[in-house]
Amino acid sequence: MSEVRVWGLICPGRTEEIGRVRRWTRDILSDHPSADDAVVIVSELGTNALLYTASGQENGVFQVALALSEHVLAVSVTDAGDSATIPRIASADAAAAHGRGLSMVSTLADHIAIHDTGEGHTVTAELTAARPGGHP
């Protein structure tokens, strides 16, 4: 595959949309070796958007994008902003109920990028396809 294929989805800011986003991701990536990791990543990033930004408020939305090339699968979630904090990878207290999402994503992904969109943030997790010999 020499071209990049891109899919996008705009979701209402409701918790039941996380299940829809997981199914959508799994359907698109059904034959991809990183499909399971991508489903976990999109779920975590979508949940973070709903919990910590205006995406989870009444009339909120979040956007999901999948970009697939020969060597990289990128999973991106853009939130609606209005958050007091910037998404960041942090260590959560063992007793904490929240705070492990981006840490889990960083464990699964080869690279994470966080971009300020001016209205919110886009978090992109990249999964690199292994090349022959087992090296990315």
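1. In this note a residue is called buried when its relative accessible area is under 20%, exposed when that area is over 50%, and partly exposed in between (1.4 Å probe, protein chains only). By that rule Glu16, at 49% relative accessibility, is partly exposed.

2. The model is a predicted one: local features need pLDDT of at least 70, side-chain atom pairs count only at pLDDT 80 or more, and totals for chains, interfaces and linings use all residues. Residues are numbered from 1 along each chain as its sequence is written, and side-chain values use heavy atoms, with hydrogens and water left out.

3. The protein chain has three helices and five strands. Both kinds of element are DSSP runs numbered from the N terminus: helices are H or I with at least four residues, strands are E with at least two. Read from the N terminus, the order is β-α-α-β-β-α-β-β.

4. Of the 136 residues in the protein chain, 38% are buried. The accessible surface of the chain is about 7900 Å², and carbon and sulfur atoms hold 50% of that area. Accessible areas come from the Shrake-Rupley method with a 1.4 Å probe; for residues, only the protein chains shown count as cover.

5. A contact here means heavy atoms within 4.5 Å. Among contacts in the protein chain with a separation of 6 or more, 61% are between residues 24 or more positions apart.

6. A nonpolar core is a set of buried Ala, Val, Leu, Ile, Met, Phe, Trp, Tyr and Cys residues joined through side-chain atoms within 4.5 Å. The largest such core has 27 residues, and Ile41, Phe62 and Val75 have the most contacts inside it. Two or more residues come from each of these elements: strand S1 (5-12), helix H1 (16-28), helix H2 (35-52), strand S2 (61-68), strand S3 (72-78), helix H3 (101-108) and strand S5 (121-128). Helix H2 gives the most, with seven residues.

7. Which residues does Ile41 touch, leaving aside its neighbours within four places in sequence? Ile41 is in contact with Val75, Val105, Leu108, Ala109, Ala125 and Leu127.

8. Phe62 is in strand S2. With a relative accessible area of 0%, Phe62 counts as buried. Gly46 is 16 residues from Phe62 in sequence, and the two C-alpha atoms are 7.3 Å apart in space.

9. Side chains of opposite charge can pair when their charged atoms come close. A salt bridge is counted when a side-chain nitrogen of Lys or Arg is within 4 Å of a carboxyl oxygen of Asp or Glu. The structure holds four of these.

10. Arg14, Glu16, Glu17 and Arg20 are linked in a network of salt bridges. One of the pairs is Arg14 with Glu16, at 2.8 Å from N to O. Arg14 is partly exposed, with a relative accessible area of 42%. Arg20 also forms a salt bridge with Glu17, where the closest N and O atoms are 2.6 Å apart. Both Arg20 and Glu17 lie in helix H1, three residues apart, about one turn of the helix.

11. Arg26 forms a salt bridge with Asp36, the closest N and O atoms being 2.8 Å apart. Arg26 is in helix H1 and Asp36 in helix H2, so the pair ties together parts that are 10 residues apart in sequence. Arg26 is partly exposed, its relative accessible area being 38%.
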